[in-house]
Structure formats: C-alpha cells, structure tokens
Amino acid sequence: MKDVNVVALSVFVFFFLAVTVMGFLAAKWRKAENENSLDEWGLGGRSFGTWVTWFLLGGDLYTAYTFVAVPAAIYAAGAAGFFAVPYTILVYPLIFTFLPRLWSVSHKHGYVTTSDFVRGRFGSKGLSLAVAVTGILATMPYIALQLVGIQAVLDVMGVGGGEDTHWFVKDLPLLIAFGVLAAYTYSSGLRAPALIAFVKDTLIYLVIAVAIIYIPIKLGGFGEIFGAANEKFTANKVGGLIPSEAGQWTYATLAFGSALALFMYPHSITATLSSRSREVIRRNTTILPLYSLMLGLLALLGFMAIAAGVQVENGQLAIPQLFENMFPAWFAGVAFAAIGIGALVPAAIMSIAAANLFTRNIYKDFLKPGATPEQETKVSKLVSLLVKVGALVFVLTMDKTVAINFQLLGGIWILQTFPALVGGLFTRWFHRWALLAGWAVGMVYGTIAAYNVSTPKQKHFGGSSAEIPGIGEIGYIGLTAFVLNVLVTVVLTFVLKAAKAPEGVDETSPSDYTADAGDAGVRTELPKVGAGSH
C-alpha cells in the first residue's frame, strides 16, 4: 500500500469540504417562493444569465473526462486521444443553430427535458419514453467516469489501498464521493453545481496555467517532451505523435460522432434550459470555445507524463501521478482538488438531468399522470440518488484502465436521439413511428457492436470502434449506428406517409422556436448566498 501524501491530502480535503458546504448553502441562493417544482430544483428557476451559465456549462461539459481520461488516452496511445480537441471545436457552431430554438420552445411550453419536447412535437409518448430511457442509460457511464476521476486522485494520494486490498476499502473513495454528491444534490438541486462551478473552473485554470509553464521547464522544454513521447511510441509500436494512416478514419469519426452527441446528453440540455433567455445561449456558444483551448493544453499533459517517466498500469493514474511527482505537495493538493471538484460538478448535473427525465417522462406520463409539482420534485430527488447507484455499478463492473470508453459508450446510445431532437427542431417531416424504429435499430446495433469489442482486461465493452467483415475498419460505433438510424427513419417515413399512418398532434407552432422572454443584457452575477431570484 502506498504511503499517504498527508500535505496533498490535507489541501484536497480542505477544498472538498469547502465546496460541500457551498453545495448545501446553494439551496438558499436565488431561492424562490415556490421551491417545490422541477423548474426550481432541476433548472434553478430558469434564471441564470450569461456569467453563471458560462461557468455552469463549462463545469458541465469539461469534466473528469477532460482532466483524467483524455490525457490518459494520449499517455497510452498518443495523438489518437486528441480527437476530443477537434470535436469540442466542431460542436459550438452546431449547437449555435439549434440550442436557441430548443430554449425558446421549451420556455414557451414549460418543457423541462428533451423528452418533453419530443412528446409535444410528435404527439408520441412512446418516442418520448425511448428518448428518456436512452438519456438515463447514457448518463450513468458518464457519471461513472467522474467517480473514476475522484478515485484516481485518492489512489495517488495513498487513500483506498492497492489492487490486493479488500474491495470495500479499495472502493471506499467511491462510496464517500457518492455520499457527498448525493446529499447536496438532493438538498440544493441545480443551484449546487452552479455555485460550485465558480470554484471548480478557477482551480482548473490555475492548475493549467502553472502546469503548462512549470512542468515543461522542469522537463527541458516541449522538444524534450515530444521527443520522449515519440521514443516510447516507436519502441512499443503502439500509438504515435500523429494518428497512423489506418487510424485516421477512426480519429475523424470519433471527433465528428462525439460532436453530434455532446449536446444530446440530458445534462447539457439541463444546463441550457436553466438560462433566462435565448440570447444567453447564443452568447455562450461564442465564448465556450475558450474551454477548448484549455482542453488542448490539458491533453499535452499525457505527453508530459511520458517525458517525466511516469509508470502506471492504470492509465487514469498518469496525470495525478505526474502532478504528485512534479509539483510541491501543497500545490499537488490544489491540482487534485481541481480534478475532484471537476468531477463533482458535472456528476451532480448529470444525476439531476437523468432524474428529471424519469420524473417527467416515465413517472408522470405513465405511472401517475396527476402528479403535483411537489410530488414530481420529491420523486426527482429520490431518482437522482438511484442514478448514482447505477453509475457505481458501471465503475465496479467495467475495466477502468481505459475510462474514456465510459464516455464513448454513453455517446453511442445518446447519439440515437439526435434525429428526434434536432430533426424535430427544424422539421415535422419525420414520422413518429419511423423515428422510433430508427432509434431501436441504432440502439440494438450500437450496443451489440460495443459489447463485442474487447481488450486484454475487459472481455466486453472494451472499446469504441468495430469491424464489419468484408468492409474493414469503420470507425466510431456510435456514428455507424447513427447512420443506420437515419436511413431506417427516412425510408420508413416515406412508407408510413404513403400508407397515411396517423402522425400525432404537434402542440408547437413556428413562432415558438424564435420567441425570447427578453433579456436584461449582460451583467455580472456574483454568487451571493441568500440573494433573491431573478
């Protein structure tokens, strides 16, 4: 068992306790008169302006995946792991075209989830249910990735034991993180991660600024860093500083498929709908690329870990170990806190978003149509706890050495909701039954293909690309499943329209997609506990 790094652990615990207290105090931040509704608990009263929304979306989208999984992939496989950088560049022009439309129609009709919109647009509870189930399923491995990030920093600090430790002691960090996250999410809803996101992003930018200057100086410059990385990849004949010719298609499909999937996730939409106007969304799509710059710099840490001689069997430990080796103990604690808090914020938003889907589109639509706002909120709080339990199952049963696969697996599933959501925002042409059939084909193919991919340590669900006999390497499974989904949807739409199958009632109108509730303009919002709602 590794010796405990007392100084780093003490700094980590200080920040962890500080944001936990903030999480509970957030229940009183912007508190509304009627707090027993999903609008208040699950969307923060739909009151966040540009400043808060930018931090919230940044805290929501740039997670332990950013700080741990992406650099770990680069540490293990080289430039192939950089696919995350172009996909976060591609995504912002894409969402600029449809997120404001989603905000407008959701504000007009009181939609809390994407499934609410799909039900209203296509008049289909079945399609709405499919979108809800997919969102919940795809969110759990993403939450699991956040818990893996917390476990990684605690392992490096000597907390939790080694591989031969009893399972309860070994996974105790996950159980602690689960308890803390569950408690303040239940109490404060979306206000908790919104408030904590200020601390999280400040710490991350501080750590990046120091790491990108301090570590290269200690290692002799970027020339030495890239040289060491190239030497390792050449010797191991795995990976490289640029993707191999055979891997370029996989790289491209991973980037494009991931860009299409990112804002299909329930937590991305939840953070979006918490904004007070469509102009807030439009402004954020123009300034969020600043986080892509941060991601590019973070990705370089994978090469730095190689140059620093970091040797770990579990790649997820590479960056935390790099910080411990290169930084003074006290600043290593700050870096570990940035990773830990960077996992807590998105995990809270993800569990809230998944809980909203269950409450609105399963519980209220099918189990208790007459549920009151108070009952909806109570059920959503309870389900937010259960979702985290599901995430723990992913962590405890799947191979954690390539944790980026948690996110890619979720991407395979959530991408299958794209035709119904984004397609529905621009056209009513698709038939509801065709959309449901296309979703089913994409889900079945994507799940089976992902299940059949293996690694030396994981018999199933071990990767993100697949081969079809006779065709060869086809790239990211999620994108292939999406193409099959669209083909089935288009063909069946022609067939069903020709057969004059009932298309359901559209409760929206064209003007709903461009309306704005009005915006008071850009203003700085300070997170003062006890401030009234806006």
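Guide: Before we start, contact here means heavy atoms within 4.5 Å. And keep in mind that we're looking at a predicted model.

Visitor: Got it. Which residues is isoleucine 215 in contact with, leaving aside its neighbours within four places in sequence?

Guide: With that cut-off, isoleucine 215 is in contact with Val210, Leu301, Met304, Leu322, Phe323, Met326 and Phe327. Ile215 also turns up in the largest nonpolar core, where Ile215 and Phe323 are the residues with the most contacts.

Visitor: What makes that a nonpolar core, and how many residues has it?

Guide: The set has 163 residues. To belong, a residue has to be buried, of a nonpolar kind such as Ile or Phe, and joined to the set through side-chain atoms within 4.5 Å. Helix α18, residues 329–367, supplies the largest share of this core, 22 residues.

Visitor: Back to the helices. Why are α10 and α17 called roughly perpendicular to each other?

Guide: Take the angle: the axes of α10 (residues 191–219) and α17 (residues 318–326) cross at roughly 65° and come within 11 Å. The class runs from 65 to 115 degrees, so α10 and α17 count as roughly perpendicular. The crossing is left-handed, too.

Visitor: Which residues make the contact?

Guide: From α10 you have Val207, Ala211, Tyr214, Ile215, Lys218 and Leu219, and from α17 Leu322, Phe323 and Met326. By class, the contact of α10 with α17 has 8 nonpolar residues, 1 charged and no polar ones.

Visitor: Next, threonine 489. How do you know whether it is buried or exposed?

Guide: Buried means under 20% relative accessible area. Threonine 489 is at 1%, so it counts as buried. Threonine 489 lies in helix α23, residues 477–498. Not counting residues up to four places away in sequence, threonine 489 touches Phe430, Ala434, Leu435 and Gly438.

Visitor: What share of the contacts with a separation of 6 or more comes from residues 24 or more positions apart?

Guide: That share is 84%.

Note on methods
Residues numbered from 1 in each chain as written. Predicted model: local features only at pLDDT ≥ 70, side-chain atom pairs only at ≥ 80, totals over all residues. Heavy atoms only, no water. Axes fitted to C-alpha atoms, helices over the stretch in contact; angles between N-to-C directions. Helix = DSSP H or I, 4+ residues; strand = E, 2+ residues; numbered from the N terminus. Parallel < 35°, antiparallel > 145°, perpendicular 65-115°, else oblique. Left-handed = near helix turned anticlockwise from the far one by under 90°. Nonpolar A, V, L, I, M, F, W, Y, C, P; charged D, E, K, R; others polar. Buried < 20%, exposed > 50% of the residue type's maximum accessible area, 1.4 Å probe, protein only.
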